Amino acid sequence: RLLEVERAGARRGGVGGDCGSGSGERNDNNNARSNSSGNDGNGDSDDNTGSSGKETNTNSGRCGSSSFLHCVDCRDLGCEHACVDDALHEEWMSLLQPKEKEALQRKSGAGGPTDGASAAHTHHKDGRCLPDWNASPEEDELDRLRSNGMLLLQNDKMEDEKDDDQNVEMEIEDDDGNNSTSSMELITFPSMESFFGQCTDILYYTPNFKVAYAPFLAKCVQSFDTWNAFFVKLFLGGRVDAALSMLNLSMSQYMHVRSPIMKCWNATHGEYEWHERENEEEDLTLSLLPVKCFLKARGSIPPRTWSSNIFASLAEKCHSRELRELADDARKWALEDIAKHCDNPKMSDDEIGGGEWFLAYLRQCHRDIYDDIDRTDPTILLRKNYVPGDSGRKHKIGDIAVPSCQEGFRFIQSSFNEKKSSEEEEDQLRQQQPPTMNKEAEVMAKILIDIYMSKLVDASTIGKIAQILSTELEEEEEQTQRTTTTTARKNVVIVCYMGSVHTRALAEFFTSPKYNFTKKIFCGKQDWDEEEGRVMHLPPELWNLRMLF
């Protein structure tokens, strides 16, 4: 209920201006990856975060909203499929305009109006519908090649598309308040958080999937300093328009990270052919930077992203100087940690749960070593000097360093700015080698983005905690004014459920000398055997919260 859709050319105020109305108990589900209270738990538990608090009116003008569940990992924001919980479907659908609902009920590619509100093109993936609110020029080129008969489809492509076209039943409330059952797709809403956050899953879990962020960084961002300033404006308190003004958006041909078109060499005919990419196992949610339509924090005019609005609202509306300082310290702490990781992605990585950046770099730049060694635990590789391989060789990986992100960005720029001679281009064509992207440039682009987006989760968590505390303080002040007596300050318990790397980061922040929290209990283990059942027994302090104080 803290989100609405920002559409280019639409009147301000979101969908109909009133999709945030209504009262009653609701979950603050602004992260599609999270699970609402009481669901079957099929979400990605490593990245879910819940915080306990009280239900308040989100439109009361307070700096934060409080409810039973808050979600702070925004990297899947807008992807309902990642949420799994059917209970959220109607919440997402309320963000659509009537014309968009009507268009999305039509079969994909069925034609019709092409204005932004109609979303005539729809793409289907895993039973989800991805409307063309931000149409990629590559999609237009795909349509042109198909209409001209120049596009070759893979075998069984059409059958696969039919199998993937799955509908779900949902109730849509009409203008009179009556419910009617209609066939509607699960919708993925574009968001800035998801466009950059999807890089994490690709880097860690599906490195074979071809996605290119390097062209966007080289042509639209153009420098490391610009990237850093862009990120701060976009996610840490600034406005979306101010962030986008830093980019070269005239280079629109570089704003997509994956094309639906694949250029293949046909050795039999001695020429290139155009194919439509197979996306059966596609893990990409958004292929294009969503500058025309994206999710924003409700009521933010000019628009702000969800995480940025947390910091902006605390700075502008929070009455507590301590909580404003807490949010500001979280920003500074996150940026300092980001700078440390950027200087040395390998040696600064988490000693218990890290190693993915180094492993990704090995895969792209030292593939012979990557294929030969045991990669089941990337963390071990961070501190190893020699690693035995299946071939019997010992590989000295201790001498392999991941370049700093500043060096990596310079390499990204140089790889796109250098011009090949006509002889080099002819030689490449003669050897039947299609133009390819430099592997080191692309892996450094993904590492850079993941460093920033992973730390955004920690900063957003601290910001959300500050919002909850601010709401509690405001309620105490209101109660004091009503009763004209001073009430005792309450103890507040915040329960964070997230991956161990993030929980350790939060513990480091709150136990710093300035905040001086005390570590009292440690649950579970940090190092598990491969076949060990990961069962965690909750301590008595979580059954009786008074024992914590």
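Which helices are included in what covers the buried residues of helix 18? Helix 11 and helix 17 are among them. The points below start from that part of the chain. The model is a predicted one.

1. **Overall make-up.** The protein chain has 18 helices and 12 strands. It holds 549 residues, and buried residues make up 47% of them. Take contacts between residues at least 6 apart in sequence: 71% of these join residues at least 24 apart.

2. **Helix 18 and its cover.** Helix 18 spans residues 500–510. Its buried residues are His502, Arg504, Ala505, Leu506, Phe509 and Phe510. Helix 11 and helix 17 are part of what covers them.

3. **Helix 11 against helix 17.** Two packed helices are described by the angle between their axes and the distance between the axes. Here helix 11 covers residues 321–343 and helix 17 covers residues 439–483. The angle is about 170°, and the axes lie 9 Å apart. Helix 11 and helix 17 are therefore roughly antiparallel. On the helix 11 side, the contact includes Leu323, Leu326, Ala330, Trp333 and Ala334. Asp337, Ile338, His341 and Cys342 of helix 11 also take part. Helix 17 contributes residues including Leu448, Ile451, Tyr452, Lys455, Asp458 and Ala459. Ile462, Ala466, Leu469, Ser470 and Leu473 of helix 17 belong to the contact too. By class, the contact has 15 nonpolar, 2 polar and 3 charged residues.

4. The whole structure has 18 aromatic pairs. The rings of Trp227 and Phe230 have centres 5.9 Å apart and planes at 40°, so this pair is tilted. Both residues lie in helix 8, residues 224–235. They are 3 residues apart, about one turn of the helix. An α-helix has 3.6 residues a turn, so residues three or four places apart point the same way. Trp227 is buried, at 0% relative accessible area. Phe230 also counts as buried, with 0% relative accessibility.

5. **From helix 8 to helix 17.** How are the rings of Phe231 and Tyr452 arranged as an aromatic pair? They are edge-to-face, 4.9 Å centre to centre, with 70° between the planes. This pair links distant parts of the chain. Phe231 is in helix 8 and Tyr452 is in helix 17, 221 residues apart. Phe231 is buried, with a relative accessible area of 1%. Tyr452 counts as buried because its relative accessibility is 1%, below the 20% cut-off.

6. **The aromatic cluster.** Trp227, Phe230, Phe231 and Tyr452 belong to one aromatic cluster.

7. **Charges over rings.** Lys346 lies over the face of Phe358, 4.2 Å from the ring centre. Arg375 has its charged end over the ring of Tyr370, 4.0 Å from the centre.

8. **A cis peptide bond.** Most residues other than glycine have a negative phi, and most peptide bonds are trans. The bond from Ile301 to Pro302 is cis, with omega near -5°. Pro302 is in the loop between strand 10 (293–297) and helix 10 (306–317).

9. **Positive phi values.** Gln222 has a phi near 80°, a positive value in a residue other than glycine. It is in the loop between helix 7 (214–221) and helix 8. Its relative accessibility is 38%, so Gln222 counts as partly exposed. Asn516 is not a glycine either, yet its phi is positive, about 55°. Asn516 is in the segment after helix 18. Buried or exposed: which describes Asn516? Asn516 counts as exposed, at 57% relative accessibility.

10. **Asp368 and His395.** Asp368 is in helix 13, residues 367–372. It is exposed, with a relative accessible area of 52%. The C-alpha atoms of Asp368 and His395 are separated by 9.9 Å. Along the chain, Asp368 and His395 are 27 residues apart.

Terms used:
Residues numbered from 1 in each chain as written. Predicted model: local features only at pLDDT ≥ 70, side-chain atom pairs only at ≥ 80, totals over all residues. Heavy atoms only, no water. Axes fitted to C-alpha atoms, helices over the stretch in contact; angles between N-to-C directions. Helix = DSSP H or I, 4+ residues; strand = E, 2+ residues; numbered from the N terminus. Parallel < 35°, antiparallel > 145°, perpendicular 65-115°, else oblique. Contact = heavy atoms within 4.5 Å. Nonpolar A, V, L, I, M, F, W, Y, C, P; charged D, E, K, R; others polar. Phe/Tyr/Trp six-rings, centres within 6.5 Å; stacked < 30°, edge-to-face > 60°. Buried < 20%, exposed > 50% of the residue type's maximum accessible area, 1.4 Å probe, protein only. Lys NZ or Arg CZ within 6 Å of the ring centre and 35° of its normal.
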